[in-house]
Each structure stands twice: as structure tokens, then as C-alpha cells.
Amino acid sequence: LIYKQYQYLLSKSVSISISSPWTVLSANFFILYGLSTFLLLVILFFSKKKYITLLISLHYLFSFGIIILIYKLGFGYDPYLHQASEKLIFQTGTFSPKPFYYLGQYSLVVILSKIFAQSIEFFDRLLVPLMAAIFLPIVIFQSIKDNLDIKNNIIAIATFLFLLIPFANFTYTTPQSLANIFALIIVFLSVSFINYHLDNFWPLILLSIATCFIHPLSGLPILLFVFLTWFFHKVRGKNLILGLIKSIFFWGMAFLSCFILPLAFWFYNLLYKLDFSKIDQITNNNLLISLAPNNIFWPKYINIFDLVYLYYHNVNLIIVIVALLGLFFVIYHHRFKNYFTYLLMFLILIVNYLIVINYTQFPFLAVFSERIFNLSFYFLLPFFIVALVAFLDGILKYRHIFKPLIFIFLSIFLGISLYLSYPRVDKYENFHGYSMSDSHLKAVEYIEENFSNFDYIVLSDQTLGATVIKEYGFKKYYQGEFYYSLPTKIKDNIYTDFLEMTKEETNKKESASQAAQKTGVNMVFVVLNDYWDLTEKLITEHQDEANNWVEVDGGKAFIFQYLVNMNHESRITNYGQKEKW
């Protein structure tokens, strides 16, 4: 069944701009996915073989790999930025400026590319989905096996049910998603270290240091967690005085840990002397409010999407409730000491989160604070898995007719989690990002081939910016602005001029002039793609006001040229004509 699904996905692979993979996949895909999920649950229940984690890994890989199979030219925006940096290191052996973060991913991708003689893009796209599919089932399965005396098939089903938590982070490669995988591996691997009373914590320490070099937002908390876990379980107070010193030192470190991420942001600001007057600060909502019972999301109508988003909006609350059941289980079985630092680290990160959103200024603060909040839940996942194991062990050991119904119920929610893990366009959400297409490549190539000898900027959406970075890297900057407009948090950058260009009844020449003044160039291109539902009036306004224009790829994109200095000699040929690519 999985093989048939792979074939189906490959047959739907596209090089046009789409906002969601679900726009090209039919409902039959979810029926097949649900059926294969149900059959795997049955196989795991009856199987006693040691290779059952391999079956789970195959299903993980399929679940994480839809973006790789559907988007021929890639997906997102951040991955192209990191791929361009990796290509630069691959070609020149260096990268400037050299941040210690991200280099963990960059060096890994470059080394793999050189060893196996494959492209940077090949390994970059595969890295996170493949690592998550290989390592997460193994460490989750083994950690529970080392902790609880329960049959392997029950543990295997609980490991499989880890996919109940939406897994968008593991469907594409960025330093943050790679660091999150390392963090999860350490969280579950440490369970085995604690239960086997292993004195050698160096594997966990080395993994946590590696995580810091991939992304410090995950690396610093996980390094701190490893240190606290080691100190709590391995450092002994042999008498009353030494025990008291140990307790004071431990709780002092825990208290200081509540400020580790705000201090990291402060140190970064001090080191790079950020000018916050130019940064558009966005007020960040307190995500803890979503856990309050009075804020539970209840749908207004009853259909499949209401069920999907009932689950989506309350998934953190579900994790907390299930984790509390797991906490009661370990307390009842006198194992709370083994899990104490997990609960402590969850609380430490919540305090860090509250301090960051209330007292910190930083670029992309809303994004980073949300990541801190989500990372805190990683330390509840051992409790979550323990609760699943206890529930499954209690309900599946009896002979009754409800087992198939339980597996059907779980298959439905695993399908819901899959749906929620990818961009969506439905009655509740409308993802506005679009994937790279052949039209983007043709627009970039047209401008590059005809105007590479001139200074110019291009006002466009971020997908075209990602395309030029993919094809030409970080080629040009003018007065600190990349020569293709990008939606950063810097106030009044050239992307704001692009937004003005997408509105009807605005002065297009004035917007072009403002963008030119910010960058010091005389030539401004505006590129509009057809997926934005361009109106005839907007196109006509640009055709009337632009110095020249051309239609690309049969009308899938329009390029408009504005010359701020009219003495400039470079113009688009075939002015006013529709040129077929």
C-alpha cells in the first residue's frame, strides 16, 4: 500500500505554483493512507519480530516525505537560503560572516555531498525527513522498552502513535527543524541513560553541543537539560553538608536557567548592536492562554474540517492532559525521580517564554518565542508516550470486539495529523505561500539574461526572491537591500513598495521611485504572477505607467520595467507586445 502511495504521489509531482499539496491530491490518497495505517497497527499488534521498528520508520518516512515527492523544484523560502549558503561553502570552502549557529547543518550537508558526490540540494531536502524517520522510532521505542516491562508490540504501537502530534517541522530541512530532531533524540535517549544508571553522559553532552552549533534556540535548552539531568542523577552528596551544597547548586542552576534564553537574546543584541528603530516589532500573544479551559476551540458546525481543527487548536492541551496521566502513572509506580528533570525543564522553558514575550526586543520575536513555547512541550513527550503505553497495555490485552474500532479511530486521527502537518487551504486556513514554478525560473532567467550588465532591483513576492537565491545565490546588494524584494521585519524596505505595486489605483511610478531611492539604482522591475488572481485593471495600470513590459510563460507572469532616470538606455525589447517564452 505504501508503494502504491509513493507511485501516486510521484504521478502528482508538479513544477507549477501551488499553495498546498492537498490541492493536487484527491481524497483517495487519505483513504489509502488510512488503510495502510490501519493495517500497520494490526501488524504491530500481532508481530513479535525485532524488525517492527523498520516498518514504523518506513511509514514515518512516507508521512514526512510528501513535500519532497510533490514539489519538484522544492518548497518554502528558508530552505533555499540555507542551500545557497551550503553551496557557497561547498564551492569556496568558506562562508562570511561566520555565525557559529547553522554551521552544524551546513557542514553536515557539505560533507555528505562531497563523500557521496551528490548535489547539495539532494542532501539538504532529504536530511531532516530521513533523519527523523530513521532515528525517532528507534530512540522512542528503546527508551520505553528500557523503562517499562511491557510487551514490544504495545511499545511499537505507542511509538507509531507519536505521529498523532502534527509534525510539520520534520517535513523539510532547516537548522531549526534539524536541531529539534537532535533535541528529541536527546530527550528520549536520556530516559535509557537514567534507567540504566549509566555514568558516561558524554554521548548526550556531545549531541547537545552539536545541537547548539545547528541552532542555539534548541541547543542551549537541551545542553542545560543534559547538565541538570547529569547533576541530579550522578552527583552524590555523601553527607548532610555535601547534600545541602548539591541541592543549593542544583536549584541555583535551575533558577538561572529561567533566564538563559532572554540572556542569549540580550547578548546577541549587544554583540551585533541591533538598531531596533528599524525593526518592525510585532506584539506577541501569550500562547499559554490557549491551554485555559475557557479558551478551548469549539467548532460552530459539524463536518470533517470542524473535527480536524477541533484537534488542531487543542493539540497542546491534549498533550498536557495525556502527559499529566503519564505523570500520575510514573508517580504511582515510584519512578517520578527518573522523570523529575523533564518536568523541571518544561517549567523552566515556560518561564523563559514568558520573560521573552514580555521583556525582550528582537527581530522575528513572535516566531522565536513560539518556537520556545513549542520546544517546552518536547520535555512532556516522555510522559505522553508513557501514558499511551499504559492505555494501550490496559485496553488491548483483553479479547473484545472494540480493538478494530480503536484502530480505526486511531487511523482517522493519524490521517488528521498528516493533513495538519502540511500547508492547507480550506474553510479555516488559507496558506498564502506558493511553491517555486517553471514560471519563476523563466522570469528570473529573462531578467538575468537581458540585464545582467546593469544595476537593477526587482519588486516581487518572496517566491521569486527564493528562486533567484536558488539560481544565483546572494548575488547583489544595494545599500544593504537584497536586489530582489524580501518580506523582512525591517520597516519601510523595498518589499513595502512591492505591496503598493500590487494595489489598484496607486501611483506605480512613485512607488518605483521610492524603491530606487532606497537602493540607489535607476532601473526597477516589478514581477506579478497569475496565482495572485491579478485583475485586468491592475495589469492595465502597470502597462500604462511602466516604461516597458513583457508577458512571460503565456501570461503566468508579467515583468514591468520602470526607469527612474529616463536617460537610461536599457529597455525591454518588443515594448507593448506579448512575448511568448
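How close do the axes of helix H7 and helix H9 come, and at roughly what angle do they cross? In this predicted model, the axes of H7 (residues 120-147) and H9 (residues 175-195) come within 9 Å and cross at roughly 15 degrees. Because angles under 35 degrees count as roughly parallel, H7 is roughly parallel to H9. A second topic below is strand S4 (residues 523-529), which is largely enclosed by the rest of the structure, because 7 of its 7 residues are buried.

**Helices H7 and H9**

- The crossing of H7 and H9 is left-handed.
- On the H7 side, the residues in contact with H9 include Leu127, Met131, Phe135, Leu136, Val139 and Ile140, together with Gln142, Ser143, Asp146 and Asn147.
- On the H9 side, the residues that meet H7 include Leu178, Ile181, Phe182, Ile185, Phe188 and Leu189, and also Ser177, Ser192 and Asn195.
- Sorted by class, the residues of this contact between H7 and H9 are 16 nonpolar, 6 polar and 1 charged.

**Strand S4 and its faces**

- From S4, the residues Met523, Phe525, Val527 and Asn529 point one way, whereas Val524, Val526 and Leu528 point the other way, and all of them are buried.

**Strand partners of S4**

- Strand S1 (residues 456-459) pairs with S4 in the parallel sense over 4 bridges, and within S1 and S4 Leu459 stands opposite Val526.
- Strand S6 (residues 557-563) runs antiparallel to S4 and is joined to S4 by 7 bridges.
- Val526 has Phe560 as its bridge partner in S6, and Val526 also stands opposite Leu459.

Key: Residues numbered from 1 in each chain as written. Predicted model: local features only at pLDDT ≥ 70, side-chain atom pairs only at ≥ 80, totals over all residues. Heavy atoms only, no water. Axes fitted to C-alpha atoms, helices over the stretch in contact; angles between N-to-C directions. Helix = DSSP H or I, 4+ residues; strand = E, 2+ residues; numbered from the N terminus. Parallel < 35°, antiparallel > 145°, perpendicular 65-115°, else oblique. Left-handed = near helix turned anticlockwise from the far one by under 90°. Contact = heavy atoms within 4.5 Å. Nonpolar A, V, L, I, M, F, W, Y, C, P; charged D, E, K, R; others polar. Buried < 20%, exposed > 50% of the residue type's maximum accessible area, 1.4 Å probe, protein only. Pairing = 2+ DSSP bridges.
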